[in-house]
Amino acid sequence: MIEFGWQFFAVGIPAIIFGGISKGGFGSGAAFVAGAILALVVPPGAALGIILPLFMLVDAATLKPYWGKWHWPSAKGLMIGAIPGCILAAWLYTIVDADFFRLLIGIICLAFVAFQGSRALGWLKIKQMPFSAPFAWIAGMVSGFTSFVSHAGGPPSAVFLLSQGLSKTAFQATTVVVFWAVNWMKAVPYAFLGIFSWDTLMGSLLLAPFALIGAWIGVKAHHWVPERLFFGLTYVLLVLTGIRLIWVALV
């Protein structure tokens, strides 16, 4: 049973607004902060079940503003690769416990911040490359896996898309259409695995207005908010969340 007390709303509302902003305007790279933070107050499986319908709602709200602006070869390659990634993650979900996913989500949080920090400091440079379908499939498979287990498919796909030298809007539009498809891929196995429940659906309904608010802000902010400002705060949240989840999983 999920308790919908003040802690749920104090954590869930800002988390899903951040997630909506990231998906709506900043390439989905840090959208998984929503699920990671929510996993602090509900079991990881329940956090997955609550967040997925909300992200699907954000997908629906943001498809129109970016319609047709994506790079289709990249989008198609990532979607194809995501299929085996989701299948592998679904199998893993059936054989491990909640603490494993807390640990995995925590590691993904810290790894993402380390990756972005290395790029910002110039320690890691992603060179522009010609389009490669196998590279897209591999990135898509990793994205499908991480998206399934923690809604963290954005970082692996971002590595591939950054190498394609896309414009800011083409990058954003490609992530929107890719994760619209990936989230639909995840919905059926989530249902069969029991990730959805009446409690998770109630949590989704309670947070739905805030997901839409985040999506609206994200679309607007895509054009006028510095990415550094948004991601700076997001990285702090991810580090704190990652450390906390790893601690809970190991202690």
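Accessible areas here come from the Shrake-Rupley method with a 1.4 Å probe, and for residues only the protein chains shown count as cover. By that method the protein chain exposes about 11,500 Å², with carbon and sulfur atoms supplying 74% of it.

Before you click on anything, two notes. This is a predicted model, where local features need pLDDT of at least 70, side-chain atom pairs count only at pLDDT 80 or more, and totals for chains, interfaces and linings use all residues. Residues are numbered from 1 along each chain as its sequence is written, and side-chain values use heavy atoms, with hydrogens and water left out.

**Stop 1: the whole chain.** Switch to a cartoon view. You'll find 10 helices and 0 strands; helices (H or I, at least four residues) and strands (E, at least two) are DSSP runs, numbered from the N terminus. The radius of gyration is 17 Å, close to the 18 Å that the globule rule gives for 251 residues, so the chain is as compact as a globular protein of that length. That radius is taken over C-alpha atoms, and the rule is 2.2 Å times the number of residues to the power 0.38. Along its principal axes, the C-alpha trace spans about 50 × 40 × 35 Å. Of the 251 residues, 53% count as buried, meaning under 20% relative accessible area, while exposed is over 50% and partly exposed is in between (1.4 Å probe, protein chains only).

**Stop 2: the largest core.** Select Phe-148, Val-177 and Val-178. Of the 36 residues in the largest nonpolar core, these three touch the most other members. A nonpolar core is a set of buried Ala, Val, Leu, Ile, Met, Phe, Trp, Tyr and Cys residues joined through side-chain atoms within 4.5 Å. Helices α3, α4, α5, α6 (133-150), α7 (154-162) and α8 (168-192) each supply at least two residues of this core, and the largest share, 10 residues, comes from α8. Now zoom in on Val-177: leaving out residues up to four places away in sequence, Val-177 touches Leu-63, Trp-70, Ala-75 and Met-79 (contact means heavy atoms within 4.5 Å). A second, separate core of 27 residues includes Leu-38, Ala-39, Cys-109 and Leu-207.

**Stop 3: helix α7.** Next, highlight α7. Here 7 of the 9 residues are buried, so this helix is largely enclosed by the rest of the structure. The buried ones are Gly-154, Pro-155, Pro-156, Ser-157, Ala-158, Phe-160 and Leu-161. Pick out Ser-157, which counts as buried at 1% relative accessibility. Apart from neighbours within four places in sequence, Ser-157 is in contact with Leu-78, Ser-143 and Phe-179.

**Stop 4: Leu-52.** Jump to helix α3 (residues 44-63), where Leu-52 lies. Leu-52 is buried, with a relative accessible area of 0%. Not counting residues up to four places away in sequence, Leu-52 touches His-151, Asn-183, Lys-186, Ala-187, Tyr-190 and Phe-196.

**Stop 5: out to Lys-220.** Move to helix α9 (residues 198-224), which holds Lys-220. Lys-220 is partly exposed, with a relative accessible area of 41%.

Finish with Ile-95, in the loop between α4 (72-93) and α5 (98-120). What does Ile-95 make together with Leu-88 and Trp-91? These residues make a nonpolar surface patch of about 340 Å².

Definitions and conventions: Patches are made of residues with over 30% relative accessible area and no salt bridge: like charges are joined within 9 Å, nonpolar side chains (Val, Leu, Ile, Met, Phe, Trp, Tyr) within 5 Å. A salt bridge is a side-chain nitrogen of Lys or Arg within 4 Å of a carboxyl oxygen of Asp or Glu.
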